[in-house]
Amino acid sequence: MKTPAPPLRTGSKKGRAAAFCNLPMLLLIGAIQFLVIYSPAIDRYMVMVTKGKPGFPSLLLDGRRGFKLVEEESIPESRVRCDFADPRSDVCELEGAIRIRGSTSEVFVVAGAGADGLLAANVTGLAPGMNATSWTIQPYTRKGEVRVMRGITTLTVRVVSPGDAPPCTVRHDVPAVVYSNGGYCGNYYHDFNDNIIPLFVTTRHLGGEVQLLVAQKQAWWFHKYREIVDGLTNYDAVDLDGAGEVRCFRKATLGLRSLKDLSIDPRRAPRNLSMVDFKRFLMWRYALPREHAIRTDEEEAAGAGGGHRRPRLLLVTRRSRRRFVNVPEIVALAEEVGFDVTTSDLMSASAKNNNKAGAGVGDEGHSRMADASKLVNSFDVMVAVHGSGLTNLVFLPMNAVVVQVVPLGRMESLAMDEYGVPPRDMNMRYIQYNITAEESTLSEVYPRAHPVLLDPMPIHEQSWSLVNDVYLGKQDVRLDVRRFRPVLLKAIQLLR
């Protein structure tokens with residue numbers, strides 16, 4: 001029988017040979033441990049050697065140029081894509097080393113030198129005649145309106161070398177969006193049309209990882225709409241005018257993309273965002289329970305069992321001009337047709353806000369937004385005269401019906417653009433009712449043959465201010481309930 005070999009001992013030659021064979025691995029592990037433990041100290045030492053410090057002068061002297069060159073070469077490639085051709089807003093998208101100094105309204109694009117010695121920044125989309133190393137932009141969405149744009153902050157964009165750029169005082173790991181909160185801020189329609197929807201289009205695809213830098217920032221505005229703003233950014237908005245910092249980013253967008261009146265063109269929006277996406281975003285932020293309006297055919301079928309519910313109609317009243325002056329008649333008609341009717345001006349302060357002692361600036365507006373959004377979402381049909389109250393249609397459930405009553409004054413085209421297209425873009429139905437001269441209270445002020453009643457076009461040609469003064473500021477509406485009846489019947493049919 002063959003005797004089994006004895007077990008290997010630790011001190012055997014074979015064991016020592018195996019240990020020796022693993023020596024390169026041991027040296028590699030030792031080198032890694034050394035770097036992990038001592039690299040911070042080495043870094044500090046190299047900083048002192050290359051840059052010097054009090055009591056420790058630089059040992060490289062002119063060799064510092066070599067290190068400075070390395071720093072310049074580490075600057076990322078700069079890319080600037082602007083769109084100055086859009087009729088609604090100017091937008092510039094910046095990539096690279098971006099520095100923003102709010103105190104002077106300046107944006108610096110840091111660029112290295114190219115082979116020809118000139119600053120190497122890839123700049124596209126500037127308007128003809130604009131300087132590719134320095135230009136201005138006003139980050140607001142009403143670029144065609146000279147009067148309002150006079151009051152908007154102007155940003156100056158400069159393409160500069162590293163040595164000409166101000167040093168960073170704050171560094172951000174997320175992109176910036178810079179825009180103005182001025183202009184028509186405070187008008188309910190313009191809050192959504194000029195700020196909120198463009199802000200949604202410009203930032204939503206970033207998933208909250210974006211820093212807002214806001215020129216002419218209105219604190220009450222951000223409080224009133226905080227559910228919306230907090231859903232678009234994970235960071236507090238910075239007041240650009242009051243900031244003494246130089247904020248540094250890798251990406252920045254100057255201006256907001258405004259694609260359509262109170263709506264979105266998904267063909268031009270990032271990730272094809274649409275107004276349906278915006279509506280669902282609002283439902284999420286305001287915790288709105290109803291995504292779809294009532295289906296009257298289903299309710300009629302349920303009526304055989306005694307469970308029939310009537311569709312709900314909201315009649316939006318106004319406290320200023322363009323009011324319904326025969327509200328009781330309109331309510332009676334709507335109830336007769338088959339609606340449960342509620343009247344509200346939507347923007348009145350709630351009782352709890354009126355009684356809230358010490359309410360801060362914006363608290364009332366914030367509560368009114370929460371109350372209005374939930375109230376509107378509970379209805380299936382909304383009826384309103386052309387005006388900012390119609391903006392609340394964004395809170396209606398899908399498949400709901402919007403009825404816009406257009407006052408006298410050739411306002412049909414404007415009414416369609418502002419409030420006729422958006423409902424359709426949000427999977428809702430729309431009916432436009434144009435009143436006659438007899439339904440306008442202007443017929444009580446001017447004789448029947450007066451041009452104000454017969455031919456508003458010369459007034460339009462004179463000035464918008466005159467149109468605004470006469471047709472928007474001096475008339476109310478007395479609906480002819482017989483003429484209006486088919487409109488309400490059609491609204492019920494559209495809910496099927």
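**View 1. The lining of the largest pocket draws at least three residues from each of domain 1 (78-269) and domain 2 (296-349 + 363-495).** The model is predicted: local features need pLDDT of at least 70, side-chain atom pairs count only at pLDDT 80 or more, and totals for chains, interfaces and linings use all residues. Residues are numbered from 1 along each chain as its sequence is written, and side-chain values use heavy atoms, with hydrogens and water left out. The pocket holds about 510 Å³ of space. A pocket is an open set of points on a 1 Å grid over the protein atoms alone, where a 1.4 Å probe fits, with protein on both sides within 12 Å along at least five of seven lines; lining residues have an atom within 4 Å of a point. Of the 21 lining residues, Y189, H190, L414, E418 and W464 lie nearest the centre. Helix α13 provides the largest share, five residues.

**View 2. F192 and Y225 form an edge-to-face aromatic pair.** The structure holds twelve aromatic pairs (ring centres within 6.5 Å; planes under 30 degrees apart are stacked, over 60 edge-to-face, the rest tilted). The ring centres of F192 and Y225 are 5.9 Å apart and the planes stand at 85°. F192, in helix α5, and Y225, in the loop between α6 (219-224) and α7 (226-232), are 33 residues apart.

**View 3. The charged end of K217 sits over the ring of F222.** The distance to the ring centre is 4.8 Å; the criterion is NZ of Lys or CZ of Arg within 6 Å of the centre and within 35 degrees of the ring normal. R312 likewise places its charged end over the ring of F379, 4.1 Å from the centre.

Notes. Points joined across faces, edges and corners; volume = space filled by probe spheres on them. Helix = DSSP H or I, 4+ residues; strand = E, 2+ residues; numbered from the N terminus. Domains from an automatic or database assignment. Phe/Tyr/Trp six-rings, centres within 6.5 Å; stacked < 30°, edge-to-face > 60°.
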